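The sequence and the structure come first.

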Amino acid sequence: MTNSVPSPSKSLRRFSGTCVVIALLLCGYRVTPVAMAQAVPPSPGKMSSPSSPLSVSPPAPAAATTVSPNTAPPTPSDNIRYGYVIHQSIDFGGHFVSKSGSGAMYDTLVNIQSGLRILDSSLSMLWAGTGRALLFDRLSTSSFGYGGDPNSVSSLNFSRGKLYDFRGTFRRDRQYSDYDLLANPLIPPASTPYAPVLTSPHLFNTVRRMTDLNLTLEPLARFSVRLGYAHIISQGPSFSTVHEGAEGLLAQFWRNSTDTWTGGLDWKLNPHTTISYDEFIMHYKGDTRWELAGLNNVLSNGTPVALGVDLSSVWASPCAAPFNTNSTVNPACNGFLGYSRSAPTRTLSPTEQLRFQSASIPRFTTNGRILYSAATSTLNNYNETFNGLTSRSNLRESIVTGFARIRRLNVNGDLSMTWQITPRLAATNLYNFSDFRMPGTNSFTETDYAGASMLASPGAETTTTTPDSQFLNQKTKTNTFLLILDATPRARIDGGFRYRSRIITDAGGDFIPIHEDWGLFGMALRPTSVLRFNFDMEVMYADMSFTRISPRQMQHYIVRTTYKARPWLLFNGTINIRESRNNVQTVNHLEHNRDFSFGTSITRGERWSLDLNYSYDDVFSSTLECYASTPAPPSATPAPAVCIAAATPFASTGYYNAPTQFASLGLMLSPIKKLHMTGGYRVSAVDGSTDTINIRQVPGSLQSQCHTPYANVAYDFAPNWTWKGDYNYYGYGEDGPSGPTLPRSFHGNVCTLAIHYAF
């Protein structure tokens with residue numbers, strides 16, 4: 001809480017006043033000489049805290065805040081310029097980072113680097129003048145993360161009474177990942193030569209930018225119009241792999257974008273009934289391309305060649321003798337001289353939706369929705385070129401071209417009705433249906449050139465054109481019925497059932513009907529004014545499943561409780577248990593997610609508070625897996641006959657177990673009015689295990705701990721000025737061996753210093 005403070009220096013007042021004048025002139029606001037004479041700002045009053053980043057919801061009737069003619073007049077301490085009460089703030093500072101250990105894992109999990117930053121900024125303008133504002137009567141904007149942080153966000157919202165409401169956001173995310181066990185072949189140390197893979201073959205370092213703009217015209221009128229635009233683009237470098245005799249490393253250049261235009265109309269028939277129509281048009285462009293990387297060796301004629309990421313004499317990969325005596329590559333070995341792939345994809349998806357909601361009939365509430373979408377995705381110029389050698393088939397060069405086209409026709413909707421039978425008893429029924437069809441066609445032409453040596457030119461040519469057509473259809477109908485009873489003012493009970501029917505068909509002649517029956521139960525109890533208890537349960541049985549990990553039986557239980565022992569002491573706890581299984585022959589899938597959490601909050605006034613939290617989460621799954629391996633891993637057992645017939649003679653349970661504990665402690669202190677301090681400790685630890693198929697496989701993050709103690713302080717050293725200091729420690733470590741690659745543990749210290757100025 002802050003009090004009125006003296007005005008800032010004259011130079012800062014002139015600067016901020018000039019910025020506001022320029023902003024209003026750009027917006028078309030007419031600044032008269034009288035207004036200019038009134039532009040000398042009085043002492044700013046109470047400063048508003050920086051706004052939180054805003055997210056834009058899917059198109060829906062937007063609520064606009066209007067300025068009432070009876071709004072209380074501004075107080076003398078308010079910062080009034082050009083008829084607006086204006087509050088601004090900026091946090092300017094920087095990060096000081098020191099780190100040790102794995103820089104790749106630090107960048108994967110934290111990625112905060114040293115440098116100057118605009119840590120936060122905000123501006124709010126509220127019309128307080130006589131008459132009506134010309135363009136807007138409310139405006140707010142906020143930003144954070146600019147200058148080099150992995151995440152930066154800006155938001156802008158403004159409105160003018162009942163005329164319009166505009167909301168916009170921009171977000172930029174840097175997505176970096178180099179977990180070196182991901183897709184790592186784990187080269188045996190006994191290999192000659194020994195060339196371990198020290199970074200992930202699927203490393204990526206991309207940037208995603210997201211823009212959302214939404215405008216509502218006449219939001220409170222009987223007819224209102226909604227317009228929106230969203231743009232998402234992901235681009236940047238990454239790596240991938242491809243198998244052509246050898247496991248080639250590819251440089252993958254991302255460039256995928258999505259543009260979505262929306263329009264909607266809301267018709268308020270009466271205060272209790274609204275009908276809405278929405279139109280969405282989505283256009284996707286996929287222009288990611290792949291090129292060969294890892295040309296680290298040469299043939300005897302000096303031509304660069306790539307032997308792939310799985311170079312090992314133990315596996316005889318890419319061949320038994322990949323090198324000549326002079327260290328050049330054996331030309332009869334599997335290898336890459338060149339590779340490229342492009343698959344420009346375009347998708348257009350127009351969607352129409354009609355919605356309504358009504359409470360006009362006494363004791364009845366209804367709402368419904370119907371949606372139709374017809375998406376078309378095309379791949380017109382697929383091109384894949386391989387130059388090298390695949391020795392098992394004597395393939396010297398290959399060129400694949402072609403096209404593909406697929407459609408997705410989707411109709412879905414829902415209808416919900418609630419009947420308030422008595423003041424204490426209500427019934428609700430929700431019906432959903434979905435029907436989609438996905439027909440597709442493609443035709444690819446492959447031209448192969450024979451050869452047995454990378455030193456020789458490609459030989460005999462063979463061209464094959466393969467057309468194909470496929471489809472996948474699914475019809476789903478779901479009905480949920482509930483009875484809700486307010487048994488007493490302190491007890492509510494609900495119960496009901498759900499039935500779901502799915503029919504899946506495909507071009508292979510499969511006809512898969514799936515029927516699910518659910519039992520639903522819940523209750524909310526308030527035995528005393530300080531104790532609350534909630535319980536929800538869902539039980540499901542299905543007569544068939546579409547995938548091996550789709551459950552045929554499922555139970556889900558949730559218990560929540562809150563106890564306020566004193567006005568300053570609060571306890572809460574949650575138990576969340578989900579059990580699923582598909583225990584038919586040759587599948588035997590079992591899984592559970594059991595979460596137990598507890599927290600307490602102690603708030604003794606404004607000077608100090610304490611938060612304590614603990615949770616235990618047990619994630620487990622197992623599914624029968626069949627595979628081929630040479631040699632067989634120690635955990636392998638003989639597979640069922642159906643697997644042996646498919647040339648996968650070994651089996652294992654494929655289990656995954658990840659029990660995780662999390663604990664946190666947070667303390668807030670404010671011993672004097674100008675000083676605010678917080679600090680705490682967060683730790684998470686997992687002690688898991690999984691089925692070992694590769695004998696060099698290590699637990700990695702399944703047996704790891706992450707420690708993040710933190711502390712920050714804020715001191716109001718002068719009117720409108722606050723000094724801020726923030727410290728975060730990031731420590732990540734793994735219990736098991738690192739494997740035939742680099743260790744992944746790291747320690748990082750991030751100190752942030754900033755000055756907050758409010759004006």
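## A buried aromatic pair

Tyrosine 106 has a relative accessible area of 1%, which is under the 20% cut-off, so the residue is buried. The model is a predicted one. Phenylalanine 746 is likewise buried, at a relative accessible area of 2%.

A search of the whole structure gives 21 aromatic pairs. In the pair made by tyrosine 106 and phenylalanine 746, the ring centres are 5.7 Å apart and the planes stand at 90°, so the arrangement is edge-to-face. Tyrosine 106 belongs to helix H3 and phenylalanine 746 to strand E36, and the pair links distant parts of the chain, 640 residues apart.

## Nonpolar cores

Tyr106 and Phe746 are among the residues with the most contacts inside the largest nonpolar core, together with Val110, Ile112, Tyr730 and Val750. This core has 13 residues. At least two of its residues come from each of helix H3 (103–109), strand E35 (721–734) and strand E36 (746–758). Beyond its neighbours within four places in sequence, valine 110 is in contact with Pro150, Tyr730 and Phe746.

In soluble globular proteins, nonpolar side chains tend to be buried together.

## Other aromatic and charge–ring arrangements

Phenylalanine 223 and tryptophan 267 form a stacked aromatic pair, with 5.8 Å from centre to centre and 10° between the planes. Phenylalanine 223 is in strand E8 (residues 223–244) and tryptophan 267 is in strand E9 (residues 246–270), so the pair ties together parts 44 residues apart in sequence. Phenylalanine 223 counts as partly exposed at 46% relative accessibility, and tryptophan 267 is partly exposed with a relative accessible area of 33%.

A cluster of rings linked by pairs is made up of Tyr84, Trp127, Phe136, Phe158, Tyr164 and Phe166. Arginine side chains also lie over ring faces. Arginine 498 lies over the face of tryptophan 518, at 4.9 Å from the ring centre.

## Strand pairing around E30

Strand E30 (residues 656–669) runs antiparallel to E26, and 14 bridges join the two. Within this pairing, aspartate 618 has proline 659 of E30 as its bridge partner. E30 is also joined to strand E31 (residues 675–687) by 10 bridges, again in antiparallel orientation. Threonine 660 stands opposite valine 686 in E31. E30 and E31 form a hairpin, with 5 residues between them.

A further antiparallel pairing, with 2 bridges, joins E30 to strand E32 (residues 689–690). There, tyrosine 656 has threonine 690 of E32 as its bridge partner.

## Two strand residues

Serine 622 is located in strand E26 (residues 608–622). Its relative accessibility is 10%, under the 20% cut-off, so serine 622 counts as buried. With neighbours within four places in sequence left aside, serine 622 is in contact with Asn588, His589, Leu590, Thr653, Gly654 and Tyr655.

Threonine 466 lies in strand E19 (residues 461–488). With a relative accessible area of 44%, threonine 466 falls between the 20% and 50% cut-offs and is therefore partly exposed. Not counting residues up to four places away in sequence, threonine 466 touches Asn442, Ser443 and Phe444.

## The chain as a whole

The chain has 4 helices and 36 strands. Of its 759 residues, 37% are buried. Among contacts with a separation of 6 or more, 64% are between residues 24 or more positions apart.

The average pLDDT of the chain is 89, and 90% of the residues score at least 70. Residues 1–73 have pLDDT below 50. Beyond near neighbours in sequence, that stretch has 121 contacts in the model.

Terms used:
Residues numbered from 1 in each chain as written. Predicted model: local features only at pLDDT ≥ 70, side-chain atom pairs only at ≥ 80, totals over all residues. Heavy atoms only, no water. Buried < 20%, exposed > 50% of the residue type's maximum accessible area, 1.4 Å probe, protein only. Contact = heavy atoms within 4.5 Å. Core = buried A, V, L, I, M, F, W, Y, C linked by side-chain atoms within 4.5 Å. Pairing = 2+ DSSP bridges. pLDDT = per-residue confidence, 0-100. Phe/Tyr/Trp six-rings, centres within 6.5 Å; stacked < 30°, edge-to-face > 60°. Lys NZ or Arg CZ within 6 Å of the ring centre and 35° of its normal.
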